[in-house]
Structures are given as structure tokens and as C-alpha cells.
Amino acid sequence: MSEAVLQTTALKRSFTQGGETIEVLRGVDLAVAPGEIVALLGPSGSGKSTLLQAVGLLEGGFEGSIRVAGEEVAKLNGDRRTETRRDRMGFIYQFHHLLPDFTAQENVVLPQLIGGTERDVAEARAAELLGALGLARRLTHRPNQLSGGEQQRVAVARALANRPALVLADEPTGNLDEATADIVFAEFLRLVRGEGSAALVATHNERLAARMDRVVRLHDGVLE
């Protein structure tokens, strides 16, 4: 059996507010297999975003183990955390966070250049991904020239640009109307599966969750 792309063990996170300790994650054990797309369901405030932030090494203060592609990453220093995020992970958020002064293609090229890819190779990769998402004619358009659905497609392409082992998505279609969300999410699933990446997708949408390989539910800081 292949080693999990993502594995957390006894993952905990608490905050102190007004003299009271609030336990957001209370010992999360989770494994995501290579190529598996897992839906992380839970109501607002259940800790979904906190779990993704932990796994994505976006903030500290966590207890427990986080292994990505077989490596323990929870205690890495700043530079190694940055390298792990860059080389092994892709991120998609509810809002696209594209760079407004860059074209669609340039937004997908940039993370590749940061990772050391030659420009011509990066441009070809960006064109390939954007073309697969139906944006072949929109490569030179800036974000303000794209619809909401198109902007989120660019964000999907950017997340996959460096061929990550793991994609982390936080309500990736939550800012779109239902019809557009269905289309973009179907394209997201198709492209992630085609790339062979694993994905952990936080959502509150049961209908979208049912289209993924497996569903886990976060409630009161633990997985059910």
C-alpha cells in the first residue's frame, strides 16, 4: 500500500481568548492517499480552515504530527516550511487572490519561476493548464478582464503549476453562483485527477462533497 501523501496524528490547536482556552482542533488523525480527493465537511467554526492552515504550514502553535509525502513537517524551520509549501503543495482559496497587474498566464508562470523552472517551460505549462480549463483564449487577460469563474480557474491552474503532491482547497467555489460553481468544480476535479495529485477540500456543500472520493466530517475539533 502506498504511503499517505498527507498524514496527521493527534493534531491539536487551541487559542486563549478573554482568559478562556478554546480548543479548535482536539486530536485530528487523518490520512490522504496518493491521488485521493477528500472532502472535509463541517459547519462554519468547526475548525476546517484551521486544519488546512496547519497542514499547509501557514501558521504555528500546533501540537501533533504532520507528515507530507513521508516527511515530518510540523517542526520545520521557516525556510524549509516555505520550500515544502512551494514544492509539494498547491493552495486554492474561496477568493482567487490573483496578482492584478499580471495576465492569467503570468499568474500561473510566476510560482514556477520561483521554484526554479525555466521561463519557456513555465509558459508552456501555464498555457497547457489554462487551456485544459477552457481559457486558451484568455491567456493575456488580466484578472479584472475575467469573470469570477474564469478567475477561479486561473487560481486552480496556479495551484497545480508546480505539480504538487497535495492540493489544499478552502471553499474553492464558495464565492461563485451555483451554476458556475458546479462547472468550475467539475473542471477542478477533472484536472486534479488528471495531474495525479491528492487533494483535501474544505466545504460545507454536501452536494459537492458527494462528488469526491471520500468524505470526512469535522465536529467540535475531531473527525467523525
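Let's start with T173: skip its neighbours within four places in sequence, and T173 is in contact with A181, V184, F185 and L208. The model here is a predicted one.

- You'll find T173 in the loop that runs between β7 (166–170) and α6 (178–195).
- Is T173 buried or exposed? With a relative accessible area of 8%, T173 is buried, because anything under 20% gets that label.

- Helix α4 (residues 119–132) packs with α6 at an angle of about 135 degrees, and their axes are 10 Å apart.
- So α4 and α6 are oblique to each other, because an angle has to be over 145 degrees to count as roughly antiparallel and between 65 and 115 to count as roughly perpendicular.
- Which residues make the contact? On the α4 side they are R125, L129 and A132, while α6 brings R190, L191 and E195.
- Sort the residues of this contact between α4 and α6 by class and you get three nonpolar, three charged and no polar.

**The largest pocket**
- Roll a probe the size of a water molecule over the atoms and you can see where empty space is left.
- How much space lies in the largest pocket? The answer is about 510 Å³.
- The largest pocket is lined by 17 residues, and the closest to its centre are R85, M89, F91, P111 and R158.
- Four elements each give at least two residues to the lining of the largest pocket: α2 (78–88), β6 (89–92), α3 (104–114) and α5 (148–160).
- Which element supplies the largest share of that lining? That would be α3, with four residues.
- By class, the lining of the largest pocket is made up of nine nonpolar, five polar and three charged residues.

**S14 in its strand**
- S14 sits in strand β1 (residues 6–17).
- With a relative accessibility of 34%, S14 counts as partly exposed, because that label covers values between 20% and 50%.
- Again leaving out neighbours within four places in sequence, S14 is in contact with T21, I22, E23 and V24.
- How far apart are the C-alpha atoms of S14 and L139? They are separated by 43 Å, and the two residues are 125 residues apart along the chain.

Methods. Residues are numbered from 1 along each chain as its sequence is written. This is a predicted model: local features need pLDDT of at least 70, side-chain atom pairs count only at pLDDT 80 or more; totals for chains, interfaces and linings use all residues. Side-chain values use heavy atoms; hydrogens and water are left out. On a 1 Å grid over the protein atoms alone, a cavity is a set of points where a 1.4 Å probe fits but cannot get out, and a pocket is an open set with protein on both sides within 12 Å along at least five of seven lines; lining residues have an atom within 4 Å of a point. Grid points are joined across faces, edges and corners, and a volume is the space filled by probe spheres set on the points. Ala, Val, Leu, Ile, Met, Phe, Trp, Tyr, Cys and Pro count as nonpolar, Asp, Glu, Lys and Arg as charged, and the others, Gly among them, as polar. Buried means under 20% relative accessible area, exposed over 50%, partly exposed in between (1.4 Å probe, protein chains only). Contact means heavy atoms within 4.5 Å. Axes are lines fitted to C-alpha atoms, for helices over the stretch in contact, and angles run from 0 to 180 degrees between N-to-C directions. Angles under 35 degrees count as roughly parallel, over 145 as roughly antiparallel, 65 to 115 as roughly perpendicular and the rest as oblique.
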